[in-house]
Amino acid sequence: MVTSSVTATMLGKIRNKPLSDEFYDESSGYEDETGVKIAANLSAEDRRRAAILYHLFNELWGVCIVVGDPGTGKDLFGNYLSYTIKRYFPWKRILRDERPRRLFGNYAGLFNEEVLQSDLSNMRAIAKGKSATQIDAAMETFADDWVKGAGEVMLKNSLLYLTEFWRYCYNREPHNPMNKTMGAIHKVKRHLDCLILGTVQLPTELDKKTCLPWVDWKVICTHSAINKTGFTYFVQKVHYDARTEILVNIGKPFPISIDAGKPKTYLGDGKICLRKPNYIPQTEEEQIVLEVIKAGLDKYEDIVEYIQDNGDMTETEILDTMKELKFRKAKRVLEFPCFFGLYNSKSAPSIQSGVKVGE
């Protein structure tokens with residue numbers, strides 16, 4: 001047994017001994033108040049939002065389904081969240097099942113049936129000629145083994161964003177190799193440190209064995225009736241009730257609002273470009289905005305600050321005018337980066353202007 005005098009002597013030596021560099025972490029990117037590892041050089045507001053997302057999504061691992069009718073912005077949320085996490089947490093790998101626009105920037109690669117074709121073919125070969133019970137056992141064993149090998153290499157420390165999630169976990173195809181593969185991934189989501197994000201119209205389309213029991217959040221999509229480019233998403237913590245086969249809400253939903261048509265300086269080069277320099281302004285608001293852009297200002301915040309300091313237009317009026325000049329089919333005068341430009345979407349709303357055009 002160590003005596004108190006010996007312990008005191010050891011502690012004294014430790015206190016007096018200088019610590020080597022291996023005891024310290026001087027790397028940048030840690031939020032002092034929350035301890036969350038984030039990207040360097042973020043604004044105070046972005047650091048706050050990063051901490052919220054980090055804790056909201058369970059330190060960025062789990063299964064989240066995005067639910068809504070066509071046109072409610074499911075894919076928009078998927079692209080928004082995957083890009084935002086890429087920006088706030090650059091150490092998180094981003095995997096997708098479809099190619100984004102160049103504006104999205106770098107991502108880790110694709111994850112879909114085409115990419116996994118050889119692995120899924122091997123799974124089908126193993127299950128060939130077996131009974132339904134044997135098929136389940138064989139495929140689940142193969143899927144579990146795949147996740148521990150190639151799957152872990154691919155998915156470790158990632159966000160996996162899958163559109164039309166039902167194609168991967170369809171309730172009517174329980175023996176589908178991709179269904180079994182996703183089931184194996186869902187079971188070890190914590191070990192993989194993987195956040196899985198999937199869009200689906202109805203949760204009931206998802207398999208009740210390989211998917212629904214593992215869902216941690218459900219996001220409800222709503223489209224603003226006032227702002228044509230505005231969406232609000234309600235992130236709801238859920239638990240699967242196997243008796244009733246439904247996702248039960250836990251606590252209150254957390255709202256995330258996005259104006260998908262607002263210029264974002266951090267997307268691409270952030271510049272606002274004039275596509276039609278000879279366009280004749282049809283309103284006084286258009287004339288003011290275009291004159292400022294022609295004078296050389298090409299960043300949204302700079303344009304707003306200049307017009308507000310030298311005129312009487314509000315930011316809302318400036319933004320509405322810029323959206324009119326970008327989205328109105330008959331105009332298409334401006335081009336600027338916004339979340340509507342991250343992917344090829346057929347669900348983007350047709351922008352209708354409330355500004356009256358003179359004769």
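How many salt bridges does the structure hold? The structure holds 21, a salt bridge being a side-chain nitrogen of Lys or Arg within 4 Å of a carboxyl oxygen of Asp or Glu. This is a predicted model, where local features need pLDDT of at least 70, side-chain atom pairs count only at pLDDT 80 or more, and totals for chains, interfaces and linings use all residues. Residues are numbered from 1 along each chain as its sequence is written, and side-chain values use heavy atoms, with hydrogens and water left out.

Start with the sheet. Eight strands form an open, mixed sheet in the order β3-β2-β4-β5-β1-β6-β7-β8. Its edge strands are β3 (109-110) and β8 (246-259), each pairing on one side only. Strands (E, at least two residues) and helices (H or I, at least four) are DSSP runs, numbered from the N terminus. Two strands pair if DSSP finds at least two bridges between them.

Now take β5, residues 195-200. Six of its six residues are buried, so the strand is largely enclosed by the rest of the structure. Buried means under 20% relative accessible area, exposed over 50%, and partly exposed in between (1.4 Å probe, protein chains only). In a regular strand the side chains alternate between the two faces of the sheet. Both faces of β5 are covered: L195, L197 and T199 lie on one side, I196, G198 and V200 on the other. β1 (residues 62-67) pairs with β5 in the parallel sense over six bridges. There, V63 has I196 as its bridge partner. β4 (residues 158-162) also runs parallel to β5, over four bridges. L159 stands opposite L195.

Elsewhere, β6 (residues 217-223) and β7 (residues 230-241) run antiparallel, joined by seven bridges. C221 faces Y233 in β7.

Back to the charges. K323 bridges to D259, with the closest N and O atoms 2.8 Å apart. That pair links helix α10 to strand β8, 64 residues apart. K323 is buried at 6% relative accessibility, and D259 is buried at 18%. K180 meets D136 at 2.6 Å, N to O. D136, E140, K180 and K209 are linked in a network of salt bridges.

A local case is R49 with E45, at 3.2 Å. Both lie in helix α2 (residues 44-56), four residues apart, about one turn. R49 is partly exposed at 42%, as is E45 at 33%.

Helix α10 also holds D320, which is partly exposed at 41% relative accessibility.
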